[in-house]
Amino acid sequence: MKQNMKNLTLSAMFLALGLVLPFLTGQIPQIGSMLLPMHIPVFLCGLICGWQYGGLIGAILPPLRYALYPTGIAMMAELATYGIVAGFLYQRSRWQCLRALYRAIITAMVSGRAVWALAEIALLGISADGFTWQMFISGALLNAIPGIIVQLILLPAVMVALNRTGLVRFRKDIASQTR
């Protein structure tokens, strides 16, 4: 019960952070689309609170943000995938360490971008005027490189800092978690 309350509280904080961070980069849309400010809180929520919470925050954040300030609806599926995949893989890792953290984050990044592309195809269709391969490469990779780099540096740094302070501990094996 205490852990559920902690996860719920942290998830609410990550949701609020996901709503606020885009306002910091919103004045210059190119920077916001490159730094991917909504992604970081969803990744952290999945990694710290678990895949269920990360997936929920990833699914809630884009439509809520869309209601406050219109953005892409396909991002909802993308961010939910980030939270679910990162949290699920990290929770299921035999050891929670930097290697497992990077494995979970990178797999979630690839999965989320694939889901985003599928959602865009569903929304726009595949045609000359629909979602094209060039749009995918541009949106998922080229424009996102600065944000990907920030995520690959910031997310592990935050998790290591949380481990060192004792707030969120890395664990050695699955058996130690059940004790």
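This is a predicted model: local features need pLDDT of at least 70, side-chain atom pairs count only at pLDDT 80 or more; totals for chains, interfaces and linings use all residues.
Leaving aside its neighbours within four places in sequence, Met159 is in contact with Leu44, Leu47, Ile48, Tyr90, Leu101, Val168 and Phe170. Met159 is counted among the buried residues of helix α8, together with Gly147, Ile148, Gln151, Leu155, Pro156, Val160, Leu162 and Asn163.

The protein chain as a whole contains nine helices and zero strands, and of its 179 residues 41% are buried. The chain exposes about 9900 Å², of which carbon and sulfur atoms supply 71%.

In soluble globular proteins, nonpolar side chains tend to be buried together. In the present model the largest nonpolar core has 33 residues, and those with the most contacts inside it are Phe43, Leu47, Ile48 and Met159. At least two residues of this core are supplied by each of α1 (2-25), α3, α4, α5 (74-92), α6 (98-124) and α8, while the largest share, eight residues, comes from α3. Apart from this core lies another, of seven residues, which includes Trp116, Phe131, Phe136 and Ala140.

Trp116 belongs to the buried residues of helix α6, which also include Ala100, Leu101, Ala104, Ile105, Ala108, Met109, Gly112, Arg113, Ala117, Ala119 and Glu120. The cover over the buried residues of α6 includes α3, α5, α7 (133-142) and α8. The 27 residues of α6 should span 39 Å at 1.5 Å a residue, and the end C-alpha atoms are 38 Å apart, in agreement with that expectation. Just after α6, Gly125 takes a positive phi of about 80°.

A positive phi is also found at a residue other than glycine, namely Leu36, where the value is near 55°. Most residues other than glycine have a negative phi. Leu36 is placed in the loop between α2 (29-35) and α3 (39-49), and with a relative accessible area of 9% this leucine is classed as buried, because that value falls under 20%.

On the surface, Phe23, Leu56, Ile60, Leu64 and Leu68 form a nonpolar patch, with about 430 Å² of accessible area together. Helix α4, which runs from residue 51 to residue 68, gives the most to this patch, contributing four residues. An α-helix has 3.6 residues a turn, so residues three or four places apart point the same way. Leu56, a member of the patch that lies in helix α4, has a relative accessible area of 48% and is therefore partly exposed, since this category lies between 20% and 50%. The C-alpha atom of Leu56 is separated by 9.6 Å from that of Thr81, although the two residues are 25 residues apart along the chain.

Technical notes:
Residues are numbered from 1 along each chain as its sequence is written. Side-chain values use heavy atoms; hydrogens and water are left out. Buried means under 20% relative accessible area, exposed over 50%, partly exposed in between (1.4 Å probe, protein chains only). Patches are made of residues with over 30% relative accessible area and no salt bridge: like charges are joined within 9 Å, nonpolar side chains (Val, Leu, Ile, Met, Phe, Trp, Tyr) within 5 Å. Accessible areas come from the Shrake-Rupley method with a 1.4 Å probe; for residues, only the protein chains shown count as cover. A salt bridge is a side-chain nitrogen of Lys or Arg within 4 Å of a carboxyl oxygen of Asp or Glu. A nonpolar core is a set of buried Ala, Val, Leu, Ile, Met, Phe, Trp, Tyr and Cys residues joined through side-chain atoms within 4.5 Å. Contact means heavy atoms within 4.5 Å. The expected span of a helix is 1.5 Å times one less than its number of residues.
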